[in-house]
Amino acid sequence: MGNAPVKEVAQAAAVSVSGTESVAAKPKCKACCACPETKKARDQCIIERGEEHCGDFIEAHKKCMRSQGFNV
């Protein structure tokens with residue numbers, strides 16, 4: 001009989017964890033390793049043309065980072 005409350009608490013915790021995961025996806029890697037293609041293009045553009053001329057590359061990288069679960 002002592003196990004019933006523990007089982008209920010475990011089930012409630014599982015529900016709250018799964019509800020949290022569906023709302024905000026957790027990043028699968030570190031930010032430095034995410035989206036290498038868009039990061040390289042963004043960085044190259046900034047080096048060659050300056051940040052003010054690379055809005056499309058910057059936004060593409062932000063979109064990729066968001067799709068990987070980062071809040072940018």
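Is Cys54 buried or exposed in this predicted model? With a relative accessible area of 0%, Cys54 is buried, where buried denotes under 20% relative accessible area, exposed over 50% and partly exposed in between (1.4 Å probe, protein chains only). The model is predicted, with local features requiring pLDDT of at least 70 and side-chain atom pairs counted only at pLDDT 80 or more, whereas totals for chains, interfaces and linings use all residues. Residues are numbered from 1 along each chain as its sequence is written, and side-chain values use heavy atoms, with hydrogens and water left out.

**View A. The disulfide between Cys45 and Cys54.** The sulfur atoms of Cys45 and Cys54 lie 2.0 Å apart; a disulfide is assigned to a pair of cysteine sulfur atoms within 2.5 Å. The torsion about this S-S bond is about -90°, so the disulfide of Cys45 and Cys54 is left-handed. Cys45 has a relative accessibility of 5% and therefore counts as buried, and Cys54 is buried at 0%.

**View B. The disulfide between Cys35 and Cys64.** The S to S distance of this pair is 2.0 Å. Helices (H or I, at least four residues) and strands (E, at least two) are DSSP runs, numbered from the N terminus. A torsion of about -95° about the S-S bond of Cys35 and Cys64 makes this disulfide left-handed.

**View C. The backbone at Cys35.** Cys35 is not a glycine, yet its phi is positive, at about 55°. Most residues other than glycine have a negative phi. The loop that holds Cys35 runs between helix H1 (3-23) and helix H2 (36-49). Cys35 counts as buried, at 4% relative accessibility.

**View D. Helix H2 and the residue that follows.** The 14 residues of H2 should span 20 Å at 1.5 Å a residue, and the end C-alpha atoms are 20 Å apart, which agrees; the expected span is 1.5 Å times one less than the number of residues. Gly50 follows H2 and has a positive phi, near 95°.

**View E. The sulfur atoms of Cys29 and Cys32.** For Cys29, the closest cysteine sulfur is that of Cys33, at 5.9 Å, too far for a bond. Cys29 counts as partly exposed, at 33% relative accessibility. The sulfur of Cys32 also has that of Cys33 as its closest cysteine sulfur, and the separation of 3.5 Å is too far for a bond.
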